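Subject: Structure handover and findings

Hello,

Here is the structure for you to look over. Please open it alongside this note.

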Amino acid sequence: MIEIKIPDEAWADVEAGTEALLDEWLVAVGDAVKVGQIIGTAMVVKAAFELVAPAEGVIESLDVAATQNFGKGAVLARLRPQ
């Protein structure tokens, strides 16, 4: 199982304890995705980040809901590679 997270470099200049916001998912559980496909967007402070599929596979879970805050290291989704 592949865990999808915001890359550590996105948190480089952020104060400890700062949360990010999951803006939206562009996929649903059970959707097949391709490597590099944009699957959602999130905001860390005032910077937007596209969440991309790191491998081809099927979305197993969306662990953070759209418009929900999350902290550094949070697993946002899980992908079952094919």
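Below are the sheets, the aromatic pair, the core and the salt bridges.

This is a predicted model: local features need pLDDT of at least 70, side-chain atom pairs count only at pLDDT 80 or more, and totals for chains, interfaces and linings use all residues. Residues are numbered from 1 along each chain as its sequence is written, and side-chain values use heavy atoms, with hydrogens and water left out.

**Sheets**

Strands are DSSP runs (E, at least two residues), numbered from the N terminus. Two strands pair if DSSP finds at least two bridges between them.

Strand E2 (residues 20-25) is joined to E7 by two bridges, and the two run antiparallel. Ala-20 has Phe-70 in E7 as its bridge partner.

Another open sheet of four strands runs E1-E8-E6-E3, again with antiparallel pairing. Here E1 and E3 (32-33) are the edge strands, and each pairs on one side only. Two bridges link E3 to E6 (residues 57-62), antiparallel. Val-33 has Gly-57 in E6 as its bridge partner.

**Aromatic pair**

A search of the whole structure gives one aromatic pair. It is Trp-11 with Phe-70, edge-to-face, at 6.3 Å centre to centre and 80 degrees between the planes. Trp-11 lies in the loop between E1 (2-4) and E2, and Phe-70 in E7, so the pair ties together parts that are 59 residues apart in sequence. The criterion: rings of Phe, Tyr and Trp (its six-membered ring) pair if their centres lie within 6.5 Å; planes under 30 degrees apart count as stacked, over 60 as edge-to-face and the rest as tilted.

The cut-offs are under 20% for buried, over 50% for exposed, and partly exposed in between (1.4 Å probe, protein chains only).

**Core**

The largest nonpolar core has 22 residues. Such a core is a set of buried Ala, Val, Leu, Ile, Met, Phe, Trp, Tyr and Cys residues joined through side-chain atoms within 4.5 Å. Ile-6, Trp-11, Leu-22, Trp-25, Ile-39, Phe-70 and Leu-76 touch the most other members. E2, E4 (38-44) and E8 (77-81) are the elements that give two or more residues to this core.

Not counting residues up to four places away in sequence, Ile-6 touches Trp-11, Ala-42, Val-44, Phe-49, Leu-51, Phe-70 and Leu-76. Contact means heavy atoms within 4.5 Å.

**Salt bridges**

The whole structure holds four salt bridges. The test is a side-chain nitrogen of Lys or Arg within 4 Å of a carboxyl oxygen of Asp or Glu.

- Lys-5 with Glu-3: the closest N and O atoms are 3.9 Å apart. Lys-5 is partly exposed at 39% relative accessibility, and Glu-3 is partly exposed at 41%.
- Arg-78 with Glu-3: 3.0 Å, N to O. Arg-78 lies in E8 and Glu-3 in E1, so the pair ties together parts that are 75 residues apart in sequence.
- Arg-80 with Glu-60: 2.7 Å, N to O. Arg-80 lies in E8 and Glu-60 in E6, so the pair ties together parts that are 20 residues apart in sequence.

Shared partners join Glu-3, Lys-5, Asp-63 and Arg-78 into one salt-bridge network.

Best regards
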